[in-house]
Amino acid sequence: MEPVRNPYAPGAGQRPPELAGREREVDAFEIVLERISRGRPERSLVLTGLRGVGKTVLLNTLRSEAIGRDWGTGKIEARPDQSLRRPLAAALHMAIRELAPLHRSPDRVDEVLGVVKAFVLRASGPDAKLRDRWSPGIDVPAASGRADSGDIEIDLVELFTDAAGLASDVGTGVALFVDEMQDLAAADVSALCAACHELSQTGAPLVVVGAGLPHLPALLSASKSYSERLFRYQRIDRLDRIAADQALVAPAKREGVEFEAKALDQLYECSGGYPYFVQAYGKATWDHAPRSPITAADVRVAAPEADAELAVGFFGSRYERATPAEREYMRAMAALTPDAETDAPVPTAEVARHLDRKPASLSPARDALIKKGLIFSGERGTVAFTVPHFGRYLRAQPGPDV
């Protein structure tokens, strides 16, 4: 069929044409926004899940919901090599800019912007060099004695309090969205938790919505013990059969195209219900199908092309980031779960036994893979892939350990 009309969108963070299976999360967030706007107590949110399940898409959708209610919003993507000060200041600057047209007092807005500027200019250590080369783009003097102590926990509480106060003036709130939250430095995680804790006690209208890999709750708990009660955790998983079919059928129907039932069976078997894979196989199938309705035979012809594209762009790019020792470790993990479609957790002791090595000698490779976001440790003594079907990909590659 005509490729120009292809409705499917397999892209990183790219919203699919039909956001299927996420109604519960969107509805829950709408309730959070409404409760906070009415002065009711609510917790911040943390979305967790494997890569490819649509966490970033959902994060962007929730941000759109907040914007639609006249909330001030900002979004950051955490990086392991970057302090929280600069990106957080930029995100709150954006949130304040969204609130400014609603506020009656430009001086009040400028006052809060001055606190944001003071917060970012108080950078120390490696961030100080960044500060010297970068200006936050805020055309007001930096505040003095507010969010500029140099202690990230103190400064963040003061910054959040002032931003939330500005939103309270206009009867709305501030929503801060943090993607790849597991990559925040330990000190920044601790400060973020402390700030959320402080504001939740005062009822200030500010909410943090984080998204990250499955081990994110454990990282937050290790930072602050009360984080288990501070956040509402929502696990974002693969789509069930009904939602996966909807993600394929609804966009096609709008283009006047239908699927045979057996084609949908085949597509679900290929994708496993993971949203990114649903879009990838849907796109390839559309391009190969000569006419409507799309058949199971069309899926079988198209699947190898989708497999090849995923092997290069989704799996291969991650595999290439690993060192030889790290690849050996991942191959051993894959070999230990030959029949597991979902790449179930593998005991680290079994990995060591498979490689005929002492567990301690494998710790550097394991820790490096966790830091690179290729594997995670959900429970003590086990590891699992962060990427769905990664074990299946590795088992298909030539090598001595698979």
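A: Happy to. Five strands make up an open sheet, ordered β2-β3-β4-β1-β5 and paired in parallel. At its edges stand β2 (72-77) and β5 (231-235), each with a single partner strand, so one side of each has no neighbour in the sheet. From one strand to the next the twist averages 15°. Helix α3 packs on this sheet, touching β2 and β3 (174-179), and its direction makes about 160° with that of β2.

A few words on terms before going on. This is a predicted model, in which local features need pLDDT of at least 70 and side-chain atom pairs count only at pLDDT 80 or more, while totals for chains, interfaces and linings use all residues. Residues are numbered from 1 along each chain as its sequence is written, and side-chain values use heavy atoms, with hydrogens and water left out. Helices (H or I, at least four residues) and strands (E, at least two) are DSSP runs numbered from the N terminus. Two strands pair if DSSP finds at least two bridges between them. Contact means heavy atoms within 4.5 Å. Axes are lines fitted to C-alpha atoms, for helices over the stretch in contact, and angles run from 0 to 180 degrees between N-to-C directions.

Back to the sheet: strand β1 (residues 44-48) is joined to β5 by five bridges, and the two run parallel.

Now zoom in on α3, which spans residues 85-99 and includes Arg85. Arg85 is buried, at a relative accessible area of 6% (buried is under 20%, exposed over 50%, partly exposed in between, with a 1.4 Å probe and protein chains only). The Arg85 side chain makes a polar contact with the side chain of Asp155, at 2.8 Å. Such a contact is a pair of N or O atoms within 3.5 Å; within protein, one must be able to donate a hydrogen and the other to accept it, and residues adjacent in sequence count only if both atoms are side-chain atoms.

There is also an open sheet of three strands, in the order β6-β8-β7, with antiparallel pairing. Here β6 (346-347) and β7 (375-376) are at the edges with a single partner strand each, so one side of each is left without a neighbour in the sheet. Two bridges pair β6 with strand β8 (residues 382-385), and Val346 has Val383 in β8 as its bridge partner. Across β6, β7 and β8 lies helix α14 (residues 324-335), running at about 95° to β8.
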